[in-house]
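User: Could you walk me through how some helices pack together here? I'm new to this, so please keep it friendly.

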Amino acid sequence: MNGWIYGYYVMLVTCFAISLFNLRYTQVKQLAVLLGFSILSEVIVELIGKRGSHFFIVYHFFVVLEYSLITIILRSGIKDERWRLLMWISIFVFGVVSLGYSFVYGGWRYFPGINITIESFLVICWCLLSFFTITPNSEASIFRHPDFWLTLAFFFYFAGSMCVNGFYNLLLAGDAQSARHLFTILNSLSNYLLYIMLIKSIICFRSNRISS
């Protein structure tokens, strides 16, 4: 197994384990579900990949589940009912559009770059909305606010995804080996940053509860 991927798996499992000890917080509980499905999907991909089968089909379904859970997590911090309703509707619209595109145009055997690009754009929009709704008690306390780190984690990760996943299939067509190597490094680094920030967010949930 590539060392970059191995490190990413360690971070994923570590973040999931930490979340299990803090399930009394609603957003952490939702995050634990997302991390659990992430682990399950990676295990399935590894098993399918070892048999030489096309494993990209797993990501076609996971991207819909991932967007749904992330939107639900970010939605928890939004107070405006109009935005909350729009976010809820977007889950169903994205699911239909993403799976419809995969079935009609994208092809299950190819990496769902377009699907992930659309997902990334939508999540970034919700992250920007979330940033404007965070109301810390002071400027200093923003870095102790769990929603800040939670939103920042998803924002940076999906901003990076838009830069890489959208043209991954084009890179594969040109130089498959180099494309996979580059994708592995960039994807792993973005995952490291994602899980570090998610862990920070969970710690903030706990410390805020203790201080209060």
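User: Which residues in α3 meet α5?

Analyst: This is a predicted model, where local features need pLDDT of at least 70, side-chain atom pairs count only at pLDDT 80 or more, and totals for chains, interfaces and linings use all residues. Residues are numbered from 1 along each chain as its sequence is written, and side-chain values use heavy atoms, leaving out hydrogens and water. Helices are DSSP runs (H or I, at least four residues) numbered from the N terminus, and contact means heavy atoms within 4.5 Å. On the α5 side you'll find Trp126 and Cys127, among others, and the α3 residues are His60, Val63, Glu66, Tyr67, Ile70, Thr71 and Leu74.

User: Are α3 and α5 roughly parallel or antiparallel?

Analyst: Their axes, lines fitted to C-alpha atoms over the stretch in contact, with angles from 0 to 180 degrees between N-to-C directions, come within 11 Å and cross at roughly 5°. Angles under 35 degrees count as roughly parallel, over 145 as roughly antiparallel, 65 to 115 as roughly perpendicular and the rest as oblique. So α3 and α5 are roughly parallel.

User: And how do α5 and α6 run, roughly parallel or antiparallel?

Analyst: The axes of α5 and α6 (residues 146-164) come within 9 Å and cross at roughly 150°. Therefore this pair is roughly antiparallel.

How values were computed. Helices (H or I, at least four residues) and strands (E, at least two) are DSSP runs, numbered from the N terminus.
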